[in-house]
Amino acid sequence: MNTASNAQLVAATLAGAWRADGLPLRLSRGDLARVSPLLMESGAAALGWRRVHATPALRDCPEANTLCQGGRLLALEDVRNCRAVEHVVALLNDAGIEPLIVKGWSVARAYADSYLRPYGDIDLVAPPGQYDAVCEVLRPHALPKRSKPEIGQMVLDCGIAWKVCTVDLHRHLNSAHMPPVETLFERSTHVSVGSAHARLLCMEDQLRHVITHFLRHGAWRPLWLCDVAALVEGLPADFDWTRCLSDDRHIADWIAATITLAHRLLGCRVGHVPASVADVAVPAWFERTVLREWDAPFPIQLSNTPALQIPRRLSDVRLWLRARWPNAVRATVGIRGACNTAPRLPYQIAHVGMGIRRYIAAVAAERRARTRA
């Protein structure tokens, strides 16, 4: 009897799927039926189809066809997304601005084919002191009713086969425990985006950012650990581990634990990674939390309930609290905690306390604004 959990099946299917050489799967048809919906909904359809396509015994399953069609749609969307990124960056280039592209498009470059790594938003970091200038360039192209320029979120009509894209503009990456934006730009690299020009994080900052992003969001999406594995396997020979790990012991431990987990769950090749990074003792709660999220990787946090909306019916309170109760990974990184074997409950309580304080501050600010108005 097969006792593998959904999470274990997800991990087995995605192992090595980012590489050019597709390896056959060792799953039964029943296993594929269980894992297929999880792959589709978490954005890993193309990766799943890559493994299934290399497995003749599974190609004629209904689920195989579903993954195939999902992969084709992602390939078409990738073409449109790449043109949208080029369009947005070109608008900024015309104003003499070279933005820093993070996540999404920049990470997809590490995969054997970029369509294997789907993304929705275009995440840009404005050059130091040019945040307002970037806003002014993009604002005329934004759809007013769908954009929130006050928080750096603008929905643009790119004019590409009715392609509408969302740009998330950042002043810095402090919330991801990254160095100051001046430092990020100073050691960033130039990249061509079609006919446009932008910047990418250096490899050390890129790997660190991908890992902290994965952890900050509670590690719920398997695709994000694939990002880590794809980047690790493509590290250059002169990669500076000291720069990546930083002088913060907690951040260094998070990075090492995540790379070790990518090796254990997804078969990430770590022969070129220092043993102090690739072979560390991962706390039991860390792997347990990740696998629990992957068992049904559709975070309740993505519900439509606004974060500041307090439920008015008692029946909604449990759902509201569940949506905002951080798992052990998210809580640890959220309060910059240690990745050790100590209980996580104190971190989770502290994280919720921080959220309550932010909520009270936001409500107070809104009331002050109404009073002034």
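Threonine 289 is in contact (heavy atoms within 4.5 Å) with Asn327, Ala328 and Val329, leaving aside its neighbours within four places in sequence. Threonine 289 and valine 329 are 40 residues apart in sequence, yet 7.0 Å apart in space, C-alpha to C-alpha. Threonine 289 sits in helix α13, residues 284–294. Helices here are DSSP runs of H or I with at least four residues, strands are runs of E with at least two, and both are numbered from the N terminus. At 3% relative accessibility, threonine 289 counts as buried. Buried means under 20% relative accessible area, exposed over 50%, and partly exposed in between, with a 1.4 Å probe and protein chains only.

This is a predicted model, in which local features need pLDDT of at least 70, side-chain atom pairs count only at pLDDT 80 or more, and totals for chains, interfaces and linings use all residues. Residues are numbered from 1 along each chain as its sequence is written, and side-chain values use heavy atoms, leaving out hydrogens and water.

Now the whole chain. It has 16 helices and 6 strands. Its radius of gyration is 21 Å, close to the 21 Å that the globule rule gives for 373 residues, so the chain is as compact as a globular protein of that length. That radius is taken over C-alpha atoms, and the rule is 2.2 Å times the number of residues to the power 0.38. The C-alpha trace spans about 65 × 50 × 45 Å along its principal axes. Buried residues make up 48% of the 373. Of the contacts with a separation of 6 or more, 70% join residues 24 or more positions apart.

What lies inside? In soluble globular proteins, nonpolar side chains tend to be buried together. A nonpolar core is a set of buried Ala, Val, Leu, Ile, Met, Phe, Trp, Tyr and Cys residues joined through side-chain atoms within 4.5 Å. The largest core here has 75 residues, and Leu207, Ile259 and Phe286 touch the most other members. Helix α11, residues 249–266, gives the most to this core, with 11 residues. Beyond its neighbours within four places in sequence, isoleucine 259 is in contact with Leu207, Ile211, Val228, Val232, Trp241, Val270 and Val277. A second, separate core has 30 residues, including Leu91, Cys135, Ala142 and Val167.

Threonine 166 lies in strand β4, residues 164–170. At 19% relative accessibility, threonine 166 counts as buried. Not counting residues up to four places away in sequence, threonine 166 touches Asp121, Ile122, Gln153, Met154 and Val155.
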